[in-house]
Amino acid sequence: MDYIYVTNNIAVIKMLENDFESVRIKDLINNHKYIQDEYTKLLVTNNLLIYYCNMNNYEEAEQYAKELENVGFDKYKFES
């Protein structure tokens with residue numbers, strides 16, 4: 001199993017439980033730099049955006065929001 005994928009899923013579970021303090025954000029940030037798979041990059045980028053919005057750190061959130069626009073957002077959108 002891919003370490004980055006597992007780390008991301010654990011972060012999602014913590015965020016869904018509204019447990020943002022337990023999210024290992026440094027792991028997500030470090031992993032984010034090395035992701036080569038476009039879809040996984042999209043998932044991790046989205047979760048970093050959610051994390052920073054919930055922590056009221058909008059400067060960091062903006063960085064990931066801008067990146068989402070370039071990581072395949074149009075390719076993976078599900079609206080018709």
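## Helix assignment and Lys66

Helices are DSSP runs (H or I) of at least four residues, numbered from the N terminus. In this predicted model, helix H4 spans residues 58-68 and contains Lys66.

With a relative accessible area of 49%, Lys66 is partly exposed, because the exposed class begins over 50% and the buried class lies under 20%.

## Packing of H1 with H3

Helix H1 comprises residues 3-16 and helix H3 residues 38-54; their axes come within 10 Å and cross at roughly 30°. Angles under 35 degrees count as roughly parallel, and H1 and H3 are therefore roughly parallel to each other. Their crossing is left-handed.

On the H1 side, the contact is formed by Ile4, Tyr5, Asn8, Val12 and Met15, while H3 contributes Thr40, Leu43, Val44, Asn47, Ile50 and Tyr51. Classified by residue type, this contact of H1 with H3 holds eight nonpolar and three polar residues, with no charged residues.

## Packing of H1 with H2

The axes of H1 and helix H2, which covers residues 25-32, also come within 10 Å, with a crossing angle of roughly 140°. The crossing of H1 and H2 is left-handed.

In this contact, Tyr3, Ile4, Thr7, Asn8 and Ala11 of H1 meet Asp27, Leu28 and Asn31 of H2. The contact of H1 with H2 consists of four nonpolar residues, three polar residues and one charged residue.

Technical notes. Residues numbered from 1 in each chain as written. Predicted model: local features only at pLDDT ≥ 70, side-chain atom pairs only at ≥ 80, totals over all residues. Heavy atoms only, no water. Axes fitted to C-alpha atoms, helices over the stretch in contact; angles between N-to-C directions. Helix = DSSP H or I, 4+ residues; strand = E, 2+ residues; numbered from the N terminus. Parallel < 35°, antiparallel > 145°, perpendicular 65-115°, else oblique. Left-handed = near helix turned anticlockwise from the far one by under 90°. Contact = heavy atoms within 4.5 Å. Nonpolar A, V, L, I, M, F, W, Y, C, P; charged D, E, K, R; others polar. Buried < 20%, exposed > 50% of the residue type's maximum accessible area, 1.4 Å probe, protein only.
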